[in-house]
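Reader: Please take a close look at the aromatic rings in this model. I would like geometry and cut-offs, in brief.

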Amino acid sequence: MGDPQFGDPAIGIRWCTTCRSIYRADFTRCPMDGGLLQVSNVDPLIGTTVAKHYVIDACIGEGGMARVYRAHHARLAHKQFAVKVMFGDLAATLEMRLRFAQEADAASQLSHPNVVAIVDFGKTETGLMFLAMELVEGRSLAAIIDTEAPMRPERALALVRQICLGLGHAHAHGLVHRDLKPDNVLVTADDIARIVDFGLAIPADDERSTRLTRVGIALGTPIYAAPEQTHNDSVDHRADLFALGVTLFEMLAGRVPFDGGVVELVRANASDAPPSIEARSGVVVPVEVEQIVRRLMRRDPAARFADATAVIAAIDAALRAPVEVVALPPAPRRSRGRLAVALAAIGGAAFAAVALALPPDRGPPTTVATVATVAPVAPIAVPAPAVVAPPVIVPTPTPAPMPAPPPTLKVPPPVIRTRREPARVEPSHVRAASPAVEAAIEPPPVTPPPPTVPIESPPVVPPTPALPRPPVVAVTPPLWTTATVRVASLVVRGSLADADVRRAIERLLPAVQDCYRQTARAASRSPAATVHLTLAVDNTRRASAIQAASTNWPQLAACVGTAARALRTQSAPDVGDAAVVVDLAFQPVSP
């Protein structure tokens, strides 16, 4: 028998022959496009391209909402992703599409080494809801607990410290995970913890929390859910700290604090104090570690740690303390299968987005006894300070005063005196300065002047009259009022297919060409231009929030923005509004 999650040969996979959505319910036709459903033993998406960019290579996981595939970029073969595709029977309901879009919106705000990043989200032309994220090579923390717990305290604390760093980053952005558990933590080969699956992560003050609860979506997995989550009380970031305490308990003990079904687990978390790790599993851990677990799992949120930063400080203090662990027989592991059946009964979304296949069973782990003691430190002899003689101060000889520089003679500026004389016309090249000006600039010499030699003036040459310049004739380019229009670029963000938006824009092109014709005639010019257009498409399929701009022709942009009011798409976005950014390129042509 194969794994039913990935298509048991005896059970097969039910999928739509039109859109290739996978169904787990007994539909005969696809609710989204009416296509017939068929059953096969091969995943219909493997080998296909999703959203024009992601080539599906293999299925690597499955959860309550979607299947997760390993994919590579269509043009960059070495660039790999984990692509999450929603089940068709869930994508047919508005509530689940809202939740799927909510996961993408929440996780896209985060960028941290201990959080798996979201890189893309949308809806394909055939109607598949998908989410693309970075691919993390590793195992889920749940798989590590199943094969290696009880874990050494220092390793468990080191992994929980990294989870705290990721949670602190999410909490700083106002996001609460609400479904933190070992299945939603990936651990790489070098023991780096990464948080995944923000399907229930919404802002603490967001009203969507109540709306999604009313449609029957379970908030969290029962054994990891804080009491305030199951009592419909106000939930904040401290609910994630409670789940972190249960996770740390399970890592150290090899089993969860309580056993039972859904109702018993909810009641135990809300009313019973957690048992000690030794009483539950026989494993003895340092007192400082036990105190961290108990404080994280307090029923009253105010009695827990204030935030993830406070947890990190307590972990650092515990790691610095001397550790003494007593060797005991291995603790019996809990059965995760029974809990998974209980979760399926309430529809809880519980899966690791990019978990890989588990390695072969290594057999029961062995608890290793380690005793670390602190040896007494001998006092260190400190030598007496040496007597230092006072420094000898040598007087510095005073330099002899420098002789003062000779005084600088200040010559007053010459005073130029002029007098009015009858104007006379002389050539500029023979005109001499007046005697008064010459005397003021340079006093006359004492020696008698030399005999005056008459100087003959050169003949005056009349200026050559300037020839008239030929008039400049401006060459006016021809006015071409006809232009070709093409969609230079198109970006659609949201759950609306790019092809639907492109067809709607192409239906507007005749009106946009008329805008160029009218604007060129009014302005008596016809240059090439580009209009940058942004708008939103709402659930009425109409365009709103229209803005148009052009660097060299604002009048044309204003006309195009008015024409864009008539845009209508064939279908409406599934979730919220779709944002559209398009560049229209105009090129004038000869009439």
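**Aromatic pairs and their surroundings**

Author: There are four aromatic pairs in the structure. Rings of Phe, Tyr and Trp (its six-membered ring) pair if their centres lie within 6.5 Å; planes under 30 degrees apart are stacked, over 60 edge-to-face, and the rest tilted. The model is predicted, so to read it: local features need pLDDT of at least 70, side-chain atom pairs count only at pLDDT 80 or more, and totals for chains, interfaces and linings use all residues. Residues are numbered from 1 along each chain as its sequence is written, and side-chain values use heavy atoms, with hydrogens and water left out.

Take Y54 and F130. Their pair is tilted, with 6.1 Å centre to centre and 55 degrees between the planes. It links distant parts of the chain: Y54 is in strand β5 (residues 54-62) and F130 in strand β9 (residues 129-134), 76 residues apart. Strands (E, at least two residues) and helices (H or I, at least four) are DSSP runs, numbered from the N terminus. Y54 and F130 are both buried. Buried means under 20% relative accessible area, exposed over 50%, and partly exposed in between (1.4 Å probe, protein chains only). Together with F81, Y54 and F130 form one aromatic cluster.

Now Y516 and W553. This pair is edge-to-face, at 5.3 Å centre to centre and 75 degrees between the planes. Again distant parts of the chain are linked. Y516 belongs to helix α15 (residues 509-523), while W553 lies in the loop between β17 (543-549) and α16 (554-563), 37 residues away. Y516 and W553 are buried as well.

W553 also has a charge over its ring. The charged end of R525 sits there, 4.9 Å from the ring centre. The criterion is NZ of Lys or CZ of Arg within 6 Å of the ring centre and within 35 degrees of the ring normal.

V285 lies in the loop between α9 (277-281) and α10 (287-296). Its relative accessible area is 10%, so V285 counts as buried. V285 touches L252, I277 and E290, leaving aside residues up to four places away in sequence; contact means heavy atoms within 4.5 Å.
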